[in-house]
Amino acid sequence: MKSNCYHRNGHNATCSYGDNNNYFMVLFGLTQIFMSQIPNFHNMVWLSLVAAIMSFTYSFIGIGLALGKIIENRKIEGSIRGIPAENRGEKVWIVFQALGNIAFSYPFSIILLEIQDTLRSPPAEKQTMKKASTVAVFIQTFFFFCCGCFGYAAFGDTTPGNLLTGFGFYEPFWLVDFANACIVLHLVGGYQVYSQPIFAAAERSLTKKYPENKFIARFYGFKLPLLRGETVRLNPMRMCLRTMYVLITTGVAVMFPYFNEVLGVVGALAFWPLAVYFPVEMCILQKKIRSWTRPWLLLRGFSFVCLLVCLLSLVGSIYGLVGAKFG
């Protein structure tokens, strides 16, 4: 809507849709309530594939538009010191928040084991997953560096927090529209890819604790006339649990509609325990590394440094979130 408004009325027009943000968030939440009833992670191949294709599409568009902007400017904007701040303290908070954003860029550890469970063998699932993780991290890093570096080189200190929704680009408006549509589809699928493992863990725990409870363990079949009488099995506990989860996350989004700040908080909270601490501890136990040996000290030192960085990122992101909310 904003893209079309700028195209019709000029780039300096007042195209504000801030008052309607809550409406779109609620609409997204209602969509996720429906999508959350997908039975389990194994049934999400098509959704994950669509989300991945959308991600590649809008990333290529963003990189291409930024590169075009650099060629149009005939110079590289920005400086090695980055965006200036009012004082050194403010600059430190911005850097910490940026570290949280970077940490959020690699959140796949939360779904790594879920994906590994869907793989066929031979070869062994862990071997396939190791190769897939290596390739995925390389591709992710390539795109992140290209988007970050080309975006900053194109706009310098005025770089928006999001190249496509922050309107660093206005034309061609149809391409910006298409890229933002890809973002929406990606987020619809991405929300489910990262929520399904949470649903599965909570449901397993409740089923194990209350195996005789009909509300938790019993499924009810419903025939859908529009789908040639196909029977759909629904579980009351699953419906209530997943709906409540979506309602809570939607409520948080409405209260804190600040993209980069929220990503920083989530990234700082999730990165160290899932991507560093548990793998390090598993490596020490599996390889039976003795305490106070050089490998043990290096691994524990690495874990401690990452913990320190995540704590600083968390503090910086919370500071930015509070500032955005009340400042």
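**Reading a predicted helical chain**

Guide: Let us start with Ser-16, whose place is in the loop between helix 1 (2-9) and helix 2 (21-35). Keep in mind throughout that this is a predicted model.

Visitor: Is Ser-16 buried or exposed?

Guide: A residue counts as exposed when its relative accessible area is over 50%. Ser-16 has a relative accessibility of 58%, and therefore counts as exposed.

Visitor: How far apart are Ser-16 and Val-184 in sequence and in space?

Guide: Counted along the sequence, Ser-16 and Val-184 are 168 residues apart, while from C-alpha to C-alpha the distance in space comes to 19 Å.

Visitor: Which elements make up the protein chain, and in what order do the elements run?

Guide: The secondary structure comes to 11 helices and 2 strands. Read from the N terminus on, the order is α-α-α-α-α-α-α-α-β-β-α-α-α.

Visitor: What can be said of the protein chain as a whole, beginning with the box that its C-alpha atoms fill?

Guide: Taken along the principal axes, that box is roughly 65 × 65 × 45 Å. Of the 327 residues, 29% count as buried, and the accessible surface comes to about 21,200 Å², with 68% of this belonging to carbon and sulfur atoms. As for contacts between residues at least 6 apart in sequence, 71% of them join residues at least 24 apart.

Visitor: How far apart are the mean positions of the positive and negative charges?

Guide: The protein chain has 28 positive and 16 negative charges, and their mean positions are 11 Å apart.

Visitor: At what angle do helix 5 and helix 7 pack?

Guide: A pair of axes counts as roughly perpendicular when the angle is 65 to 115 degrees. Helix 5 (residues 109-117) and helix 7 (residues 173-209) pack at an angle of about 75°, with 9 Å between their axes, and so helix 5 is roughly perpendicular to helix 7. On the helix 5 side, Ile-110, Ile-111 and Glu-114 take part, and they meet Val-193, Tyr-194, Pro-197 and Arg-204 in helix 7.

Visitor: Why does Arg-238 count as buried?

Guide: The cut-off for buried is under 20% relative accessible area. Arg-238 counts as buried because its relative accessibility is 18%. Arg-238 lies in helix 9 (residues 236-255), and once its neighbours within four places in sequence are left aside, Arg-238 is in contact with Gln-37, Pro-39, Glu-203 and Phe-219.

Visitor: Turning to the backbone, is the peptide bond from Glu-171 to Pro-172 cis or trans?

Guide: To read this, look at omega, which is near -10° for the bond from Glu-171 to Pro-172, a cis peptide bond. Pro-172 lies in the loop between helix 6 (125-155) and helix 7.

Visitor: What is the phi of Arg-74, and what is the phi of Lys-288?

Guide: Arg-74 is not a glycine, yet has a positive phi of about 60°. Lys-288, also a residue other than glycine, has a positive phi near 55°.

Visitor: Where does Arg-74 lie, and where is the place of Lys-288?

Guide: Arg-74 lies in the loop between helix 3 (45-73) and helix 4 (88-104), and with a relative accessibility of 78% Arg-74 counts as exposed. The place of Lys-288 is in the loop between helix 10 (259-286) and helix 11 (294-326), where Lys-288 is exposed, with a relative accessible area of 71%.

Notes
Residues numbered from 1 in each chain as written. Predicted model: local features only at pLDDT ≥ 70, side-chain atom pairs only at ≥ 80, totals over all residues. Heavy atoms only, no water. Helix = DSSP H or I, 4+ residues; strand = E, 2+ residues; numbered from the N terminus. Buried < 20%, exposed > 50% of the residue type's maximum accessible area, 1.4 Å probe, protein only. Contact = heavy atoms within 4.5 Å. Areas by Shrake-Rupley, 256 points an atom, 1.4 Å probe, with all protein chains shown as cover. Lys, Arg positive; Asp, Glu negative; His and termini not counted. Charge placed at Lys NZ, Arg CZ, Asp CG, Glu CD. Axes fitted to C-alpha atoms, helices over the stretch in contact; angles between N-to-C directions. Parallel < 35°, antiparallel > 145°, perpendicular 65-115°, else oblique.
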